[in-house]
Amino acid sequence: MKNARYDEFQIATRHKIAFQSFILVMILIGLNGYIKEGYGVWASPLLEAFIMVWIPGLYFAVMSISKNAYFSKNDYPILLVVLLGLTAIMGFFSTAPFIFSAEHPFIENGQLNDRIMGLLIAIISMGMGVALIVRRILNRRMDGRWE
């Protein structure tokens with residue numbers, strides 16, 4: 001990926017998706033302010049920041065992958081898919097003990113607990129991994145390698 005070359009269409013698509021991600025960030029910041037002002041604190045500052053950064057980040061990554069503007073042609077590292085899969089598994093298993101636990105709920109005193117972060121990481125990693133796999137399959141079908 002060091003010498004990745006993107007064509008003009010890929011660059012224009014990435015710019016369009018980046019602008020959409022920026023608009024999504026602005027909406028999330030406004031929504032966060034509205035909720036905090038009207039209803040109080042809904043999560044810890046770390047969890048708030050995590051959610052407001054990673055939702056647009058996931059949107060940008062998945063949309064760029066699905067529009068074929070994320071990698072150059074035939075540059076889909078399988079190692080990245082494996083690492084994203086391992087991250088998703090670790091995130092899920094770090095959260096699984098708390099899902100059905102009455103002692104450690106995800107919502108305490110009207111606020112999201114930081115224990116939900118592992119589940120969010122699993123969702124993000126799984127979304128990006130699935131998008132990479134689907135894009136790889138579609139590219140192989142378009143190139144005629146899979147009939």
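Student: Among contacts between residues at least 6 apart in sequence, what percentage join residues at least 24 apart?

Tutor: Contact here means heavy atoms within 4.5 Å. Among the contacts in the protein chain between residues at least 6 apart in sequence, the share that joins residues at least 24 apart is 74%.

Student: What kind of model is this, and how are the residues numbered?

Tutor: This is a predicted model, in which local features need pLDDT of at least 70 and side-chain atom pairs count only at pLDDT 80 or more, while totals for chains, interfaces and linings use all residues. Side-chain values use heavy atoms, with hydrogens and water left out, and residues are numbered along each chain as its sequence is written, starting from 1.

Student: In what order do the elements of the protein chain run?

Tutor: Helices (H or I, at least four residues) and strands (E, at least two) are DSSP runs, numbered from the N terminus. The protein chain has 4 helices and 2 strands, and from the N terminus on their order is α-α-α-β-β-α.

Student: Why is the protein chain described as more spread out than a compact globule?

Tutor: The radius of gyration is taken over C-alpha atoms, and the globule rule is 2.2 Å times the number of residues to the power 0.38. Along its principal axes the C-alpha trace spans about 55 × 35 × 25 Å. The rule gives 15 Å for 147 residues, and the chain counts as more spread out than a compact globule because its radius of gyration is well over that, at 18 Å.

Student: How are α1 and α2 oriented, roughly parallel or roughly antiparallel?

Tutor: Axes are lines fitted to C-alpha atoms, for helices over the stretch in contact, and angles run from 0 to 180 degrees between N-to-C directions. The axes of helix α1 (residues 8-39) and helix α2 (residues 45-66) come within 9 Å and cross at roughly 155 degrees. Angles under 35 degrees count as roughly parallel, over 145 as roughly antiparallel, 65 to 115 as roughly perpendicular and the rest as oblique. The arrangement of α1 and α2 is therefore roughly antiparallel.

Student: What is the handedness of the crossing of α3 and α4?

Tutor: Helix α3 (residues 78-99) and helix α4 (residues 117-143) pack at an angle of about 155 degrees, with their axes 7 Å apart, which means that α3 is roughly antiparallel to α4. A crossing is left-handed if the near helix is turned anticlockwise from the far one by less than a right angle, and right-handed if clockwise. For α3 and α4 the crossing is left-handed.

Student: How do the residues in the contact of α2 with α4 divide by class?

Tutor: The axes of α2 and α4 come within 9 Å and cross at roughly 5 degrees, so these helices are roughly parallel to each other. Residues including F50, W54 and L58 in α2 meet residues including M117, L120 and I124 in α4. Ala, Val, Leu, Ile, Met, Phe, Trp, Tyr, Cys and Pro count as nonpolar, Asp, Glu, Lys and Arg as charged, and the others, Gly among them, as polar. The residues of this contact divide into 16 nonpolar, 2 polar and 1 charged.

Student: Which residues does M117 touch?

Tutor: M117 belongs to helix α4 and, at 16% relative accessibility, counts as buried. Not counting residues up to four places away in sequence, M117 touches L46, L47 and F50.

Student: What is the relative accessible area of A102, and where does A102 lie?

Tutor: A102 lies in the loop between α3 and β1 (107-108). The C-alpha atoms of A102 and F50, 52 residues apart along the chain, are separated by 25 Å. A102 is exposed, and its relative accessible area is 76%.

Note on methods:
Buried means under 20% relative accessible area, exposed over 50%, partly exposed in between (1.4 Å probe, protein chains only).
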